[in-house]
Amino acid sequence: MRFHHANRCVSSLLMLSALLGIVGCGDSPGPSPNPGPELQCADGIPTIGVAGESVTEVYPLTWDEEGIATVDLRVPDDLTALAVVADDDDQYTAFVGIRQQGRQYVNLRSDPRGTDAPFFHTWNLAAALTFPVNEDTSLAPGCVRIRAVSERGTVPGTLHVSSRRTAPGGTLRIDLVLVGDTTLPGVTMEEVVDEVSALLGELGLAVAVDVGVATVAGNEFPAVDDEGTYALRASYVPEDPTRIPVYLIQGFQDELDVLGFAGGIPGPNGVPGTPTAGVIVAVDAHLGEFDEVSVMLMAETVVHELGHQLGLFHTTESDGGLFDPIADTPECRPAFDQDDDGELSAEECEDIDGRNVMFWVSGSFRQRELSEWQRRVIELAPVAR
Amino acid sequence: MMRSSTLSIARLALLAGALLTMTDTALGVSVRLCASVAHAQFDAFADAPAGTEALAARLRARHRSDLPTAEQLADATHGARLRWLAEHHPLALVRARALLLLAAHRDARTRALVLRVLDSTEPVIVRAAALRATDGWRMDAGLARRVRRLADERDPRLAEPARKRLGRR
């Protein structure tokens, strides 16, 4: 009997909902303290990464009759961050569980819909997880058991393990990828690059930023969440796999008013060619006065979606009842809903987190702030090398 | 032509407020102060129905799932706010979202506005939103003429729904 196949469609819809902002975040940022039976790892299991470096290693995922594959790895003392991706071609995958002795980080059996903080993990195409996502989710030295599941699971998949065994830092590499005949009304690509670079600079990240430009052939009017969108995100495979693509399309065929969305929270960064690799941003949804692209708004969309792709959630969700799992991000509570319309605008939360680039709604002012731990999540990303 | 001088002034006022905020921020002036200054000098919502500014804020949601539904905004008060935003807001995104949400409104003023947008040179996402706002309308001669014209557009966001509406492949 296969694992949770009946739930896959629901779960994938929930995953999409999360990407589009439906599923928010709760108040309990810690992993489960009740991990179940003692974890026994065999001697001689591989140690993650290389001392002093950030690297990506791969391990085969050999699925059992339930479609589950297990990989045991040893976490070294100096591991500062880890990102894992379960890749089974174009199939939905998920992490059934990630455990260490005394800690259960993810449990798909008890939380198939991915509603539990702090990971909110569920099925996705090339499902990904990153550690840490907040102050309390760094992996401890010792054995870690990673159990992945695939919708199909008939041929071996691949577990991509990107690790950082250095201090936070390096260079975050992003490519703005112009799709097909997409145009940028009233502005140049150079202006967009400059604004995205400036915004990332204003966030105070302790990483350098390299924003490049590329083009791909393809449909500049894909539909949201269809095969074309997945094919698009798999279409750009840079020589340097750590570059995160931001696909600029003219607009979505079916959803006219989508600004953009990420491939996952987090996405499979460092694994180009997968259906959720990278962010998609719709140019025409950013047209301002004189029907020209508002470079400021577009840069904020690019960075907001990159934040999701790197593992950040909205700081505050629309009704002020749900927040990201990071303790040091300010939370705008319903008491700030001055007009009592049930939703917290950026203006109402201006003195709290309304200026945070991960706030749920754009504002009439710049949103160019991150909390210290939001920055830390980005700075620790193993793709920043 | 969609844009009267009045519409442009309203949009320009909103834009000018934003630009002032940006400029003063760059100069190191308190963003809180400059937002107040911008608001005082460029009260672009001055001629809008009460509550329009708050609705505009909601329509700037980064993700569609956070938008109000057409059913939630089906009353006449919201209809007036949405019509104002569909004409005056400087962001095409907000104009388009306002038009999509006007699908629940069938009054004469909404109908006249939607037809004006269809005849305008508004960006594709705004005209395509207006076309969707007509989904529940009876296809009279005036609407049919407009839909036939849109069916010949090169942009698939206009052409495909228009052709579908006409029963064409």
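**Sheet, domains, helix packing and chain contact**

In chain A, four strands make up an open sheet with the order E1-E9-E3-E7, and their pairing is antiparallel. The model is a predicted one, and chain A within it is divided into domain 1, residues 5-164, and domain 2, residues 171-380. Chain A also touches chain B, in a contact that takes 32 residues from chain A and 33 residues from chain B.

**The sheet of chain A**

- Between domain 1 of chain A and domain 2 of chain A, the C-alpha centres lie 24 Å apart, and 31 residues of domain 1 of chain A are in contact with 30 residues of domain 2 of chain A.
- On the side of domain 1 of chain A that touches domain 2 of chain A, at least two residues each are supplied by helix H1 (5-20), E3, strand E6 (124-125), E7 and E9 of chain A.
- That side of domain 1 of chain A has, by class, 16 nonpolar, ten polar and five charged residues.

**Helix packing in chain A**

- Helix H2 (residues 189-202) of chain A and helix H4 (residues 295-309) of chain A have axes that come within 9 Å and cross at roughly 60°, which makes H2(A) oblique to H4(A).
- The crossing of H2(A) and H4(A) is right-handed, and the residues of their contact divide into ten nonpolar, no polar and three charged.
- Residues of H2(A) in this contact include Val192(A), Val196(A) and Leu199(A), while those of H4(A) include Met298(A), Ala299(A) and Val302(A).

**The contact between chains A and B**

- The contact takes 33 residues from chain B, and among the elements of chain B that each supply at least two residues of the side touching chain A are helix H1 (5-26), helix H2 (31-41) and helix H5 (92-101).
- H1(B) gives the largest share of the side of chain B that touches chain A, namely seven residues.
- The residues of that side of chain B divide into 21 nonpolar, four polar and eight charged.

Key
Residues are numbered from 1 along each chain as its sequence is written. Chains are lettered from A and ligands numbered from 1 in the order in which they are written. This is a predicted model: local features need pLDDT of at least 70, side-chain atom pairs count only at pLDDT 80 or more; totals for chains, interfaces and linings use all residues. Axes are lines fitted to C-alpha atoms, for helices over the stretch in contact, and angles run from 0 to 180 degrees between N-to-C directions. Angles under 35 degrees count as roughly parallel, over 145 as roughly antiparallel, 65 to 115 as roughly perpendicular and the rest as oblique. A crossing is left-handed if the near helix is turned anticlockwise from the far one by less than a right angle, and right-handed if clockwise. Two residues are in contact if their C-beta atoms, placed from the backbone, lie within 7 Å. Ala, Val, Leu, Ile, Met, Phe, Trp, Tyr, Cys and Pro count as nonpolar, Asp, Glu, Lys and Arg as charged, and the others, Gly among them, as polar. Two strands pair if DSSP finds at least two bridges between them. Domain bounds come from an automatic or database domain assignment.
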